Each structure stands twice: as structure tokens, then as C-alpha cells.
Amino acid sequence: MREILRVENLSKSFGKFKAVDNVSFNLRELEITVLIGPNGAGKTTLVNLVTKKLKPDQGRILFMGRDITNLNSYQITRLGIVRTFQIVNLFPTLTVYENLKVAALGSKTDNKEIEMIMSELRLDKYKDVKVMNVSFGVQKLVELAMALLLKPRLLILDEPAAGLPREDRKNLMRILKEIGEKITLLIIEHDMEFVFELAQRIMVMNRGKIIADGKPDDIINNSIVREIYLGES
Amino acid sequence: MMLKIESLNAYYSRLQALFDINLEMNKGEIIGVLGPNGAGKTTLLKSIINVEVSKTGRILFKDVEITTLPTHKIASLGIYYIPDYGGLFPGLTIIENLQLAANSKYVSIDELKEFYPPIIDLLNRKADSLSGGERKIVSIIRSIVVKPELLLLDEPTEGMAPVMVDRTIKLLKKLNEEKNMSILWIEPGAKIRKVLEIADKILILAAGRIVYVGESEKALKEIDEIKKYLFI
Amino acid sequence: MNKFLRDINIITILILSILLGLISLTGDRFYLYISSLFMIYSLYALSYNLLYGYAKLLSFGHGMFFATGAYITGLFTLRIFKDPLIGLLISIISTIPFALLIGYITLRHTKVYFAILTLALSMFVYAILIKWRDVTGGSDGLVGIPKKGVIVDISSPQLNYLFILIFFVLSSLTLYLFINSSRGLLIKALVNEERLLFTGHNVLVIRLYAFMISGVVAALSGSLYAVFMSVITPDIAYWTFSAEPLIMTLLGGSDYYLGPLLGAAIYVSLTTALARFAEYWMLFLGIAMIAIIISFRGGVLGALILVTTRLKDKRLKTSK
Amino acid sequence: MNLEAFLTQTLVGLYTGSFYWLLTLGLTLIFGVTRIVNFAHASFFVLGSYLMYTFYIYTNNFILSLSAATITTGLIGVIFEITLIRRVYKIEEMYQLLLTLGIALTLNESQKLIWGTSPKYINMPELISSGVSIGYTNISYYSIAVISIGLILFIIIHIVINKTLWGLKIRAVWRDNIMAQALKINPYLIYTTVFFIGIALAGFGGALMIILHPVGPGVGDHLIIYAFIIVVIASLGNITGAYITSLLIGVISSLATWLAPEIDIVIIYLITIIILLLRPGGLFGER
């Protein structure tokens, strides 16, 4: 599989605390990679660095062979690295449709596709409702729809299942599997059921470093990982 | 009865983080709360001291309802909350941090020394110049000055070197025995064995619900079953 | 087009302009006077709410655009070419680069800093108007700004009134259409700048865009004011005058396009009515402002809408 | 340009600056602790002047009126804090600014209502006539006193903030509000006290100023701009910065009026804009 993202020696510290400590990895096209690790392991920080929400202290980021280390978030988004957020992060005072429209404008997508995605994700009935008035589950779907409208080549999802009831998780899993056929996915997730259902590859982070990286089965049996999660040694 | 929680539901804005939590804690008890990330452990503590979360249900401390009291009143009743970052004031020296806790310019160091000798060398350093581990242990030491009856700990040993972890746990036991503080103690699942060393009872949170409660001996026997809740 | 005509805001604007048109027929100088003021302030407030209500930018220096608009028109018609219409167009055009410059300086700052920086800049403009006597006439300002020009002659009150009315209708409609265009949508999306950034939009450019449009419309209202009054003084650059559209917007309701219009209406009637009894009418505005911030941020229009919907619900319930 | 005049102007600048300091000190304290930018601060300053004027008319006692004016202003400030400002601590700063603007308008207009529109001043020749004379010009002991009071206040505030337990609590609330509460500190008590002190200081400044400058409508509108400019240049919340910048602006403006009267205020605003362009965070950024 062709490499789509390459990260070289990426580091970020807050004061004395090394949130991301000289991390290197690469993502392969159309492979669903899940990033796991305990609280404060640096997962979200890593994503923030890749999408330039934060400036790295050092390191290089290449996307499809192009150095994007010094680009702004909006430029990176336009190149096709799209992310969602841990806490739903939308335009509360705008309607569902308007939210999607903003995304569509960001990628010069025409309105037909908005309609299509809305019906795919069963959002039609909320079309003209302000997002601040729809349920949390629906907001999560709007997040996803926006992400797709941005025509991502690499889609980064930060805890997509967080706060969703079981049945919604199942539904989300189904959708993500479909998306995974066409788009490279990098997912931060804690729900292990979710993780092992989806992941083709798992990266484990702890204390700012990637300490394990491989096929799911290898990860389950990886002693370090078991120690981190179960205190076994 | 030290702490009593009745059918507590807690929310961050629209998102529900805790579902129908019930908990009873006796004087002098150490209760460990374990669970995977995002299970709502921190939310539990924050609902007790009434910050950042909106909630329904009742919380009683020594039979006094504290559900809606302002945080500083709850603290005055004898509850001391230590957040996962320790909660020392950055930019203030350790001694200043202790003075605030004692609500006086004069803090007797001797006792602190007995619990944690290295404190002496830290007194005049700024809190943010301490290492993560030091910061957390000092914030626990600070409780000696605060003199609470109930200690709320959010992952006190997280990010500590193994040696420090053991030291901290001994410290907690000592506080529990000599300063008769009851302790509600949160840790990630990985720490379960450590927690069981001194906890009287453990409680597993998953996706905002209590999925397991048990005396420590019982829990030790059932540990493999418990792990299912924590991983896979 | 149908959709266009069914839109409540547009209908309201059209009806309003017809009513305003009818007033001109009466020819009553007093009514003409206050309705002209109303129209000018409305544009001023509308332009302000594009920043405050839609782009979520709190500016305390909006008067600098009103003032430059007025002064450019004044100076141009007095010194260079004697015609109100051309003077007006000139000031609109020359405001574009000015607004862009000011925007470039201020928009990289956030909330409070932005507010105070715009304040300082408008006071800078004020200082120049005061001090650069031989051009701006200092504190005496400009006198005798011509209504009778080479191209248009609006020296009769009625014509002057219609002149203002035309610009009022045109610009309030275009501004509304702009806000509902996709560009306008992006401006509304400034409520969550981080998200906007991660949907591939350059936030600074969008802010700058909103700032420029707002500045231009403010300048237009300013130059209408100059032609209408034919006397202008630096006071219109003083920060308190920048606070006035803000107050109108809050009064009327910043969440609604027509809010500032209503605000301006209340404002003008208050000032004219109360000013006859006391010069302390500003006191009422101050209190009103406190009340709005503390109790009801929707403003008067918000309150009206709330009440009517409540009543509707009641009727529905009773009918069931 | 002769040295003598230069010295005089600098001194004049220093005491004008000291008045600015009395104004910005409270503004800075209040912002530092409550994060509220108090648009009404200058209006309280002027309120101090008016109260001083009234009290003096009745008592004819300088010290008595001064203290009365100071305390009364502070108390009125507290009333506003408890009844209005307290409601907006937790909401968008945009609305905080707007609320205090509303309060400013209300105060200014009610002052017009109570004390009329004609400028008020207290005529106390014995206070301002005697002094040291530099050549032809005479610097009154009073203005020298004002300068020293400013300096003394600067020192006192530093001691209070850095050395006393109460100051420690202020810093705690400012650094980490929630942890402060977890340590039994009632933030609202701190807020109210800080408001009292901050506003009282403004009143004090106003009361001192009316001896040298008549006070009337519009003075507040003018002063708040200077106050804002100063705190922004000094970076909001920085007390030392506020003191230095106050004196600096005072001196610069006084020298400007002397050397280039035709463009004096232009210079001030120009400096502000340039500084904020070069250092968006202000001169004393990162507290």
C-alpha cells in the first residue's frame, strides 16, 4: 500500500512536560489505523500537531510526499487532511444545512452532494434546525458529514464514539467501515470493542511516545500494552 | 456515613457523562474507583465538589446535603479535592501553596517532614518548577495542612515512576490511618492491583455507569472478570 | 424570485420604504428631518451589526468610517468637484482601502484588544480631524457642504429626502442579500473560528471582508449625513459616537437583520422626543443597555418575537 | 529648547501620569482578579471628583472630604459589583465590556443630572500656590505630593499582593479559581473586596485631581481612553507595567503639548498604535 502521511521526529512540550516526544510514523493509503493509549498519552496533541492546531517544537510532516510542516490549518485541510474533534465543534447558531454548506464551500463542493450526504446519514429531517437544538448523536453525524464534504484523502477522527449510546456506536461503526473503503482513516478511540472491530492497524501511545504499532492481534498480546492497560508485567 | 450519593446523573453541556450513580462511603474507608478513559471517573469527583458539571440527584456529606452548595462551602465542610494535575498554584512557591491551605502565614513544617522529608528542599521553589511526580505528591502532602475528613483523588499516581507510586500509596494509607481521612480514589484500570493493596472497596465505572462494586478480597478473586470491564 | 418576495425581512424593508416615501409627500420639514436621520442611522447601525451580530467583532471605533465617509464627501465637494452624488461615490470607493488597512492592523487582535485598538484608532482619526485645521477645519469642522451640484441638485428638502431614501432602500436590501449569500454564510460562521479554520477557510480574510463591507456602508451613511446636514464636526469621530450604533443594535436586537433598524427608530425618536425635555436622554439609553445585557440580550425585536410566538403557541393549545 | 522648561514639563507630566496611575491601578487590579475590563472606571474617577467637590462645600475640610469621597466612591462601586457585574463573571467578555459601558453611560449622565453641565472645581490657593520654583515656573508641593502618593501606593500594593496572606489569596484566585475554592477561598468575597479597593482608588484619584483641574461632563469619556491606552500598552493586568506606562504617557503627552502643541494628542495615539503593532501583547507582556 502506498504511503500517504509521513511524520518525522515530531516533538511538542508544554513547559517541562513532553506531550509528544520525538514521534515518527507513517500512514498507508486506505488502511484504517487506530491510535490508542491512556489519558495524557499525547494522542490528541499528536493530531493537533499534524493538523497544525499546535505548532511543533521540532519535526517534519509530509503529506503525499509534500512537506506541510509550515502550512496553516486551513491550507492543510484544503490539501485533504480533515479532522473531527473530541467535543462536538460546530457552528451552533447555524442550521444543519448551513453547517454542511460551510464545509462544502471549503472544498468547492456543489450543493447536490450536500443533499446526497444528508440523505445517506439520514440528516434530511434536521435540514433547517439549528445544530444547537439537535441531539448529541445528530451533532456527531453532522461532524462526520462536514468532514466528508471536505473531500478528505486522510480523515482523522478524535474519539468519534465518545458519548454515543451503544446502538449509535454500531451504526457509526458501519458507516466508518464504508468510508474506510474510499478514505484513509486515523481514529483515536478508547472503546476497545470499537477499536478491534475497525482497526486494521493499531498504534499505542504512552507518555508521548509510540510504544507499539502493528496488527490488532499482535497488540492484544503485546506485553507492554497489557501492562499499560492491565498493570500486568 | 461519610458520603452518600443518590441516583446521580451528570452532564457536560448536552452530553451525559454519568448515569444513575449510587454510592455509600463510611467514615475511614478507602474506595478505589477504576475504569477506562472517558468512563466518567473525573466527572464523579467534579460533581461532588460541584464544578463544571450540571447534575440531577442528591449528594450528602455527613448527612448534610451539598448537591448545590458552592465549591468553597463544600471544601469548608471538610472535603479536599486533588485534580489529576495536582492543583498546586503555578507561579506560587510551595510554602505559599501551603500557607493558602493553612489559611495562615505560619505553617508547621515538622509534621509534613515526617510524612515526606524531601519537602524541605522544595519549600521555596515555584510549583511549576517541580516535576509532575513531585507536584502530585506535594499536593497530597498539602492535605495534612488542609485537614479534610474526605480526600478526593484524581489519578494521584498517574505518570509516576513505580518507586514513587509505592511511596504515594504508603502515604495515602498513613493519611488514612493517622489523620483518619476517608479517601475516594480514582485510578485508570491499569492500577487495579496497586489500588487493591490499600482500598477497602473498589468500584468500576464504564461508559458512565457503575458496572462492578466489591470488597477488595472479593475483587481480588474476581479480578479476571473485572478486567473485562477495563480492557476488551 | 418568489422566495425573494416571500422573505419577511425584504417585505418589511419594502413596506417601510413605501411608508417613508409617503412621508416625503407630506413635505412636513420636521418629519422629513427625523425620517432622514432615521434612515442614515439605520444604515450606520446595520453596517455595525454586520460586525457585531454576524462577525462577532466588538468594535468601539466604527465612527471612524462614518466620519471619513462624511469628511471625504465634504472635502471633495467643497474643494475638488461640486457634486453630492460624485462626492458620495468617491468616499465609498476611497473607504475600501482605508477599511482594509484598519482591518489589517486590528483584526489580528482578539476580543478586548480588538475593541480597545479600534477605539484608539478612531481617536487617532479624531485627533487628526481636530488638529489638521487647514484641511479639516479643526473643531469647527466643514461648513456649507453643497447639495446643489453639477450633476444632481438636491437642494430642495424633498429631493434630498428621496436621495437618502434611494440609498437607504438599495443598500439595506443589498446588505441583506449579501448576508444571505454564501459569503455571508462564512461571516456568520465566524461564531466558531477554530472550526472555520478546519473547514479550509482563511478566517482572517473572512473577517477582513466583513470589516470592509461594514466600513463601506458606514462611510455611505456618513456621507449621506454630510450632504444632509451640510455641516460636519469632528464629534462624529469621537468614540462616544462609535458607541451609538452599538446601542441602537443592542436596543433593536443584534440577532436579527432588522434589529438595528428598529433600534435606530427607537433611538431617533427617543433623542428627538426626550431632547426637548432634557439633555439627559442618554441616561435612559445607559439604563436600557444595562437591562438588555443583564436580562434580555435579544433586544426589543427579540422580545416582540418571543411574545408573538408565545401567543401563537397559546392559540394552538386552545384550538386543540 | 531649555533645560528648565524641560524639567518643568517633565514634572507636570509626572503628576498627570500619577493621576493616570490612580486611574489605571484599579482598572488593572480589577482586571487581574476578575478578568473584567471596567469601561466605567473613569466615570468612577470623575464621581470621586464630584463627591470631593460636594463634601468640601459642606465640610470645608480637605482631608475629611478626601476620605469621604474615596470611601463613598468605593461603596458605590461595590453596589454595582454586587447587583450587576457579579452576574456576568461567567459569560462572554464581550457582554462584560458592554455592561460596564452601560454603567459608564448611566454614571456620566446621572452626574450631569446631579452636578449640572458647568465645570466644577475647588479653589484652594493655599494648597497649590506654595511650592518649589524652577526659574519662572512654580511646581506646587501639592503636585509633588501627588507624585509621591502615586509612588507610595505602588509600593504598598506590591507589599499587599506579594507579602500578605490576603494578597496570596488574590493571586490564588487569579491563577486557578477552582483550586482556590477547593481550598475554602470564597472568590466572590475576593472579587467584591478588589472592586472596592480598585474603585475607591479611582475615587481617591478623582478627589485629588479636582484641586488642580476643573471637572465637568466629558472628562470621564476622555480619561477612559487614556486609561485603556495605558493598560493595553502595559499589557492588561500588569501592575508594574501600568505604573511605568502611566508616568510615561503622562510625561510624553506633557512634553508633546509643549514641543508640538498642534499635534500632541496625535502623537499619543500614534505611539499606541505603533507599540501594539510591534508588541500585540503590550510592552510588559506575559505578566
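1. In this predicted model, α6(C) and α4(D) pack with their axes 9 Å apart and at an angle of about 45°, which makes α6(C) oblique to α4(D). The crossing in which α6(C) passes α4(D) is right-handed. On the chain C side the meeting residues of α6(C) are Lys111(C), Val112(C) and Ala115(C), and they face Glu93(D), Met94(D) and Leu97(D) in α4(D). Sorted by class, this contact of α6(C) with α4(D) holds 4 nonpolar and 2 charged residues, with no polar ones.

2. Which pair of chains shares the most contacts? Of the 4 pairs of chains in contact, that pair is chains C and D. Two other pairings should be read as having no contact: chain B and chain C, whose closest C-alpha atoms lie 17 Å apart, and chain A and chain D, for which the closest C-alpha atoms lie 14 Å apart.

3. The contact of chains A and B draws 15 residues from chain A and 20 residues from chain B. On the side of chain A that touches chain B, the largest share is 3 residues and comes from helix α9 (residues 223-230) of chain A. By class, the residues on that side of chain A are 8 nonpolar, 6 polar and 1 charged.

4. Within chain D, α4(D) also has a packing partner in helix α2 (residues 41-59), and the axes of α2(D) and α4 (residues 93-115) come within 9 Å and cross at roughly 20°. Angles under 35 degrees count as roughly parallel, and α2(D) and α4(D) are therefore roughly parallel to each other. The crossing in which α2(D) passes α4(D) is left-handed. The contact involves Ser43(D), Val46(D), Leu47(D) and Tyr50(D) from α2(D), together with Ala104(D), Leu107(D), Asn108(D), Gln111(D) and Trp115(D) from α4(D). These residues of the contact of α2(D) with α4(D) divide into 6 nonpolar and 3 polar, with no charged ones.

5. Lys90(D) and Arg35(D) are separated by 55 residues in sequence, and their C-alpha atoms are 9.9 Å apart in space.

6. Turning to the strands of chain A, β1 (residues 3-14) and β2 (residues 17-28) of chain A pair in the antiparallel sense over 8 bridges, and Arg6(A) stands opposite Asn26(A) in β2(A). The hairpin of β1(A) and β2(A) has 2 residues between the strands, and Gly15(A) takes a positive phi near 60° there. β1(A) also pairs with strand β4 (residues 58-63) of chain A, again in the antiparallel sense, over 5 bridges, and Ser11(A) has Gln58(A) in β4(A) as its bridge partner.

7. Chain A further contains an open sheet of 6 strands in the order β6-β7-β8-β3-β9-β10, with mixed pairing. β6 (81-83) and β10 (209-214) of chain A stand at the edges, and because each has a single partner strand, one side of each is left without a neighbour in the sheet. From one strand to the next the twist averages 20°. One of the pairings in chain A joins strand β3 (residues 32-36) to strand β9 (residues 201-206), which run parallel and are linked by 4 bridges; here Leu35(A) has Met203(A) in β9(A) as its bridge partner.

Technical notes. Residues are numbered from 1 along each chain as its sequence is written. Chains are lettered from A and ligands numbered from 1 in the order in which they are written. This is a predicted model: local features need pLDDT of at least 70, side-chain atom pairs count only at pLDDT 80 or more; totals for chains, interfaces and linings use all residues. Two strands pair if DSSP finds at least two bridges between them. Two residues are in contact if their C-beta atoms, placed from the backbone, lie within 7 Å. Axes are lines fitted to C-alpha atoms, for helices over the stretch in contact, and angles run from 0 to 180 degrees between N-to-C directions. Angles under 35 degrees count as roughly parallel, over 145 as roughly antiparallel, 65 to 115 as roughly perpendicular and the rest as oblique. A crossing is left-handed if the near helix is turned anticlockwise from the far one by less than a right angle, and right-handed if clockwise. Ala, Val, Leu, Ile, Met, Phe, Trp, Tyr, Cys and Pro count as nonpolar, Asp, Glu, Lys and Arg as charged, and the others, Gly among them, as polar.
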